[in-house]
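Dear colleague,

Please find the structure below, together with its sequence. My notes on selected residues and strands follow it.

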Amino acid sequence: MKKLSRNEFFQELHEVLTPSEPIKSIEFLCGREIEIDNIEEAMFAPGRHCFIYGERGVGKSSLAYTVANKIQSSDKPYLVVNCDKDSSFLSIVKQVVRRMESSVIDKSMLSTEKLGLNIAGFKYEKSNAEQAKKTYLSDSITDLSSAADVLNDISEQYSENSVVVVDEFDTIEVKEEREKFAVLIKHLSNMGAKVRFIFTGIAESLEDLLGGHSSSTRQIHQVNVFPLHWTGRFEIIDRAFTHFGVVLPEDIRMRIAGLSDGYPHYIHLICEKILAEMFRRDDGDSVVSFGVFLNSLDLAIQTIVHDEKKSYDKATLGRDEFYHHILWALADSADQIRHLEHIAFSYSEVCKKLSLEPIDNSALMKELSNLKRKPFGSIVDTGIKGRPRMYKFRESITKGLVRMIAERNNVKLDFQRLFTAGEASATAKSSYVKYQPLTPVEQKVARMRGEV
């Protein structure tokens with residue numbers, strides 16, 4: 001590391017760690033081998049498209065870009081459209097067509113001299129270059145039918161196998177605009193179009209994104225992305241520190257993996273800050289000390305964007321200290337959903353570490369209810385509807401941030417303990433303890449996946 005100039009170091013650092021942007025190359029995407037293989041196999045089927053959904057921060061975009069890069073034929077790059085609240089069905093499709101068009105012919109124009117196409121009622125014939133009328137092909141898109149026709153034709157011109165990533169699909173505010181894509185997929189599949197769409201969005205189910213258009217589900221491969229299990233977390237950490245020849249003690253390695261709660265952004269961010277601190281120190285020591293770890297954790301917490309921290313700040317700033325401790329207690333488990341009794345146990349443990357007297361259980365329940373309210377950032381939510389004593393973080397990614405803040409305040413939480421029996425298998429697999437399938441069928445599937 002010390003042989004590198006400052007520019008060389010930071011260039012290499014951001015080749016192996018990318019806390020600020022999605023990963024695009026399969027060699028740097030860790031812990032997603034099963035999802036990549038399943039998507040690639042599914043997309044071999046003609047007319048099939050993919051929806052990647054899950055909670056914020058789990059790595060949906062990285063998975064989509066990596067798979068698109070793998071599936072897209074080498075003659076052209078895959079295309080990415082980033083959605084926002086004002087995006088519409090027509091605006092997205094037109095953007096895709098224009099970008100394909102600009103690659104096929106110069107400056108996003110169809111020239112009658114260059115192409116002889118009859119697309120969606122627009123006929124283009126060869127003529128003298130001086131008399132050729134140039135027309136945007138995207139202008140011929142006025143409805144679902146014309147969108148499918150144009151995409152079918154232009155994708156054949158663009159590439160042998162064209163892939164389009166529609167990222168942050170959930171941000172399109174108008175539900176009817178999202179639902180039109182289900183119909184488009186059905187049209188494209190029926191036409192045998194070569195263009196394939198990969199959508200990403202924050203959701204708990206595909207129905208949240210597409211509505212009730214179940215008729216198109218056979219053309220859609222669904223991927224619900226969960227936080228990384230421990231193996232994937234360690235892959236990211238080990239790759240980064242091995243690359244620079246820096247020794248990371250096992251206890252700190254475990255803390256990074258646990259603090260992240262399986263969210264890749266947090267792993268990349270903490271590792272980035274530690275390696276940058278080691279480079280700046282220039283003391284010849286290649287072993288990360290606990291002091292370096294804590295200083296780097298401080299920097300990582302400060303770097304986390306305001307949107308991720310604002311609910312915690314609303315819940316705690318200018319309030320009694322016990323609000324911090326209650327939130328730390330809620331994060332003290334591998335469980336995503338916690339029962340009041342289990343939170344009370346964790347809260348008592350936190351107070352012991354701080355030599356504080358805990359509030360009683362009735363007061364704890366009252367304060368957890370307060371933390372659901374908007375003035376407190378709505379940081380806590382009901383864990384299971386109809387079960388008033390069950391709690392969870394409203395956004396699961398918040399749990400990793402809360403763990404980091406607790407750690408920085410010298411409160412070590414337990415990242416592996418499972419209080420709740422029979423919770424969803426995704427939570428069980430996120431534990432460092434090896435997942436043990438319950439039934440013979442589960443055991444067979446687990447063996448096929450290499451999980452046991």
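Does G284 count as buried or exposed? G284 counts as exposed because its relative accessibility is 65%; buried means under 20% relative accessible area, exposed over 50%, and partly exposed in between, with a 1.4 Å probe and protein chains only.

Please note that this is a predicted model, in which local features need pLDDT of at least 70 and side-chain atom pairs count only at pLDDT 80 or more, whereas totals for chains, interfaces and linings use all residues. Residues are numbered from 1 along each chain as its sequence is written, and side-chain values use heavy atoms, with hydrogens and water left out.

G284 is located in the loop between α10 (264-281) and α11 (290-303). Helices (H or I, at least four residues) and strands (E, at least two) are DSSP runs, numbered from the N terminus. The C-alpha atom of G284 is 9.7 Å from that of M1, although 283 residues separate the two along the chain.

S159 belongs to the loop between α5 (144-158) and β5 (163-167). S159 counts as buried because its relative accessibility is 4%. Beyond its neighbours within four places in sequence, S159 has contacts (heavy atoms within 4.5 Å) with Q72, S73, D75 and K76.

Three strands form an open sheet in the order β8-β10-β9, with antiparallel pairing. Its edge strands, β8 (338-339) and β9 (380-384), each pair on one side only. Pairing requires at least two DSSP bridges between two strands; β9 and β10 (residues 387-393) have four, in the antiparallel sense. T382 has Y391 in β10 as its bridge partner.

Yours sincerely
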